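Welcome to this tour. Please open the model in your viewer, colour it by secondary structure, and keep the selection tool at hand.

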Amino acid sequence: MNREDQELLTRTSAGTPMGDLLRRYWLPVQLSAQLQPGGPICRLRRLGEDLVIARAPDGTLVALAASCPHRGASLHLGHNEAGGLRCVYHGWKFDPRGQCVEMPNEPEQNRFCDRVKTRAYACRERGGVVWLHVGAADEASPLPDLEWNLDARCPAHLHASVRECNWLQAMGGDLDSSHIGVLHARFDDPSAPTVPGAAMPGSWAIGMQMVRGRGAPYLEVVDTAYGALYTARRPLEDGSDYHRVHPFLFPCHTMLGGGGEPGQLSFNGKYWVPIDDTHTWMLDWHYRPETPWTEAECAAIERARYPFAAGAVPGPEDDYGRDRRLEGTRMFWGVVSNPLQDRAVEESMGAIANRDDEHLGPADAMIIRVRKRLLAAARALRDDGAPPPGAETPRLYRVRPVGVVLPRGTGSGYSTLWLTLGLGERRPRPRLVTIEPDTDKASLARETFARCGVTELVEQRVADAAAELQTLGPLAFVFMDHGPSNYEACRESLISGLVPGGLLAVDNIDSHRRLAASFVRRVEADPRVECCVVHVGKGVLVARRR
């Protein structure tokens, strides 16, 4: 990655392209439980800005710039009173809008409260989280529609911590599925956390057992309206594949997990909020939508992920508590707990990692894609004033991560599932039709759609594709992954049915080169389309109607 892109991605102070992008979103900044009515005023630093936040005696949240505009004393030292925060230096008091309302060190006739105002930040509270809009208050849109933060019946378990490195490299671990089977490997029990003796509730153990010891994953990545999405596919012994489908949501939200038995479906995610360019505030949430966590289960999550007492978390000065006695027999690496292992390797890169000499491979596809998405969004905002993805569309965030076992090969509905996820919450909703002549494969696809919660979004037809295509009307996009021997029978219906600018994507062109050769030649010679073959995967012919 060149130096210009590195600087753009990692610098988040006011006036930088990435800083301006992040300031267009609501960001979680504090746990609600840490703010008591009339309690202490808390210091915060987010995106390089120092501020204070408190809960007034009546429960109202107040978030102001940290320095008193009189002489610069910190309001953190002040009093949290009814109606605002008071500086202890000269007694100036500021209401939640930042307006100075009292100036007791001046004679009454000399007071100029109406001319003094400090920066006030828009803040809201929902689901145990305090959200802050670091940008201009009048730019604040509704909070994102995040299921884990909206469900009052099944509240998420929350934990906040700090990584001493840049936000982009801190977030990188959650965009990288391939390290799970290495850094987090357990030799004695593949379903156990990296904290000996601990156990995770929910479906966490099921997912880990599917991932560990399965070899390197095969990644596929797509862009979405809210950010990006990838599946990490791992082959299983019975001929099926385990997919971990994980979204990245602008600007700094990752989701992991999914799957499990009925009643145990659970998943987790993290927000990676820059404190400044070299420190990151991480909000780690665990959510089970069907059954609320019990107190005992919340305690189990803490033991399995954050087993250290406050103030006693190992750090770089003692190699993060590395216990070499665990290595080679029970764990691959002797640092205890997944979050601490991730933190150790991320911080070992330096406060801001130098990416000049990176050597990225196919397993890093999601990291590459997210960087590109962030760069494009920051430049589009800077150069054209383009609205950042998702910032003004809360409904785009109504997504879950998925962990699912799918039969390998055609007929499982996998291609249709990808198209459904890629469409996100687009309105008006495009009509999505899948055609499968084999009743057994159609039934298998129907099960896949149901397990992934997309049944209502897909119109499924059990029919011959060549005949059925003639009944569909104008086609904006067609993806074919049927056997190449059947492509020629559909060719005329496909091309004539495409609207101007419509796209046709046909898979298996390279893997079945001889069978597909005649079809490819005829499409290339058709004056109604322009086309090319993209030699990735099994080879895809892409044609666009003129």
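**First stop: the end of a helix**

Select Gly453 to begin: just after helix H10, this glycine takes a positive phi of about 70°. Before going further, two notes on what you see. This is a predicted model, where local features need pLDDT of at least 70 and side-chain atom pairs count only at pLDDT 80 or more, while totals for chains, interfaces and linings use all residues. Residues are numbered from 1 along each chain as its sequence is written, and side-chain values use heavy atoms, with hydrogens and water left out.

Now step back and select H10 itself, residues 439-451. Helices (H or I, at least four residues) and strands (E, at least two) are DSSP runs, numbered from the N terminus. The 13 residues of H10 reach 18 Å from the first C-alpha to the last, close to the 18 Å expected at 1.5 Å a residue; that expected span is 1.5 Å times one less than the number of residues.

Which residues of H10 are buried? Show the side chains of Ala442, Ala445, Thr448 and Phe449. Here, buried means under 20% relative accessible area, exposed over 50%, and partly exposed in between (1.4 Å probe, protein chains only). Look down the axis of H10: its buried residues fall within an arc of 115°, so they line one face of the helix. The arc is that of the directions from the helix axis to the C-beta atoms. Turn to the other side of H10 and you will find Thr439, Asp440 and Arg451 exposed.

**Second stop: the whole chain**

Zoom out. The protein chain has 13 helices and 24 strands. Its radius of gyration is 27 Å, close to the 24 Å that the globule rule gives for 546 residues, so the chain is as compact as a globular protein of that length. (The radius is taken over C-alpha atoms, and the rule is 2.2 Å times the number of residues to the power 0.38.) Along the principal axes, the C-alpha atoms fill a box of roughly 90 × 60 × 50 Å. Of the 546 residues, 52% count as buried.

Cys113 is buried, at 15% relative accessibility. Next pick Cys532, which is in no disulfide either; the nearest cysteine sulfur, that of Cys531, is 7.0 Å away. At 41% relative accessibility, Cys532 counts as partly exposed.

**Last stop: backbone details in the loops**

Most residues other than glycine have a negative phi, and most peptide bonds are trans.

- Between strand E14 (240-249) and strand E15 (253-257), select Pro251. A cis peptide bond joins Phe250 to Pro251, with omega about -5°.
- Between helix H6 (295-305) and helix H7 (338-347), select Ser337. Its phi is near 95°, a positive value in a residue other than glycine. Ser337 counts as buried, at 1% relative accessibility.
- Between strand E22 (498-506) and helix H13 (513-525), select Asn508. Phi is positive in Asn508 too, near 70°. With 7% relative accessibility, Asn508 is buried.

Methods. A disulfide is a pair of cysteine sulfur atoms within 2.5 Å.
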